[in-house]
Amino acid sequence: MLDVRSFRFNPAYRVDLVLWREIPGGATGAWYVKPSASCEIFEGLSAQLAIVHSQAMHAESTPSTVDKPLGIEVDAGLRYRPDDGFHMWFDAGMFRPLDGFDCPPGLTSLPAPYFSLSLARGWTLRTGLAVEL
């Protein structure tokens with residue numbers, strides 16, 4: 001029988017804008033749920049919205065060592081793709097850490113490599129412009 005204990009996504013696979021992209025650098029040892037919606041506002045302009053709930057498979061692999069929930073993130077974006085080959089986008093994401101990022105019992109600060117994490121909300125804004133040749 002095959003016993004898989006660890007699975008890592010391709011680093012180019014982007015789950016979200018803040019947690020998995022910026023903190024551990026890729027999804028591993030956890031699961032997530034990501035309901036999303038998109039709509040075309042008018043031809044060439046679309047909007048997207050996603051909510052991501054992330055949770056560790058085992059509490060021992062979180063900074064808190066006792067709680068599995070890692071956080072909830074809300075990501076929104078606008079894409080403009082006219083027919084002339086230009087692409088423009090604007091993305092915004094807000095991450096709210098949950099109990100998995102709390103200090104372990106008996107400590108007043110997080111151990112390395114998490115000691116520099118701020119347990120406040122994380123934000124990101126990303127924009128881009130591309131030309132299709």
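1. Tyrosine 80 sits in strand 4. Please keep in mind that this is a predicted model. How exposed is tyrosine 80? The answer is partly exposed, because its relative accessibility of 31% lies between the 20% and 50% cut-offs. Computed along the sequence, tyrosine 80 and leucine 129 are 49 residues apart, yet their C-alpha atoms are 9.6 Å apart in space.

2. Tyrosine 80 and leucine 129 also turn up together in a nonpolar patch on the surface. Which strands supply at least two residues each? They are strand 2, strand 4, strand 5 and strand 6.

3. With 37% relative accessibility, methionine 88 is partly exposed.

4. The protein chain has one helix and six strands, and their order from the N terminus is α-β-β-β-β-β-β. Of its 133 residues, 31% count as buried.

5. Now for the inside. The largest nonpolar core has ten residues: Val15, Leu17, Val18, Leu19, Trp20, Val52, Ala56, Leu70, Phe95 and Phe101. Helix 1 (19-22) and strand 3 (45-56) each give at least two residues to this core.

6. On to the charged pairs. How many salt bridges does a search of the whole structure find? There are two. In one of them, the side chains of aspartate 91 and arginine 79 meet at 2.6 Å, N to O. This pair links distant parts of the chain, with aspartate 91 in strand 5 (residues 86-97) and arginine 79 in strand 4 (residues 69-80), twelve residues apart. Aspartate 91 is buried, at 9% relative accessibility, whereas arginine 79 is partly exposed, at 29%.

7. The other bridge joins arginine 81 and glutamate 132, whose closest N and O atoms are 4.0 Å apart. Arginine 81 is in the loop between strand 4 and strand 5, and glutamate 132 is in the segment after strand 6 (122-131), so this pair ties together parts that are 51 residues apart in sequence. Here both partners, arginine 81 and glutamate 132, are exposed.

8. Have a look at the acidic side chains too. Glu40, Glu43, Asp83 and Asp84 form a negative surface patch. Where does glutamate 43 lie? You will find glutamate 43 in the loop between strand 2 (36-42) and strand 3. Glutamate 43 counts as exposed because its relative accessible area is 64%, and the cut-off is over 50%.

9. The C-alpha atoms of serine 64 and aspartate 102 are 4.9 Å apart, although 38 residues separate the two along the chain.

Key. Residues numbered from 1 in each chain as written. Predicted model: local features only at pLDDT ≥ 70, side-chain atom pairs only at ≥ 80, totals over all residues. Heavy atoms only, no water. Core = buried A, V, L, I, M, F, W, Y, C linked by side-chain atoms within 4.5 Å. Buried < 20%, exposed > 50% of the residue type's maximum accessible area, 1.4 Å probe, protein only. Helix = DSSP H or I, 4+ residues; strand = E, 2+ residues; numbered from the N terminus. Patch = residues over 30% accessible without salt bridge, like charges linked within 9 Å, V, L, I, M, F, W, Y side chains within 5 Å. Areas by Shrake-Rupley, 256 points an atom, 1.4 Å probe, with all protein chains shown as cover. Lys, Arg positive; Asp, Glu negative; His and termini not counted. Charge placed at Lys NZ, Arg CZ, Asp CG, Glu CD.
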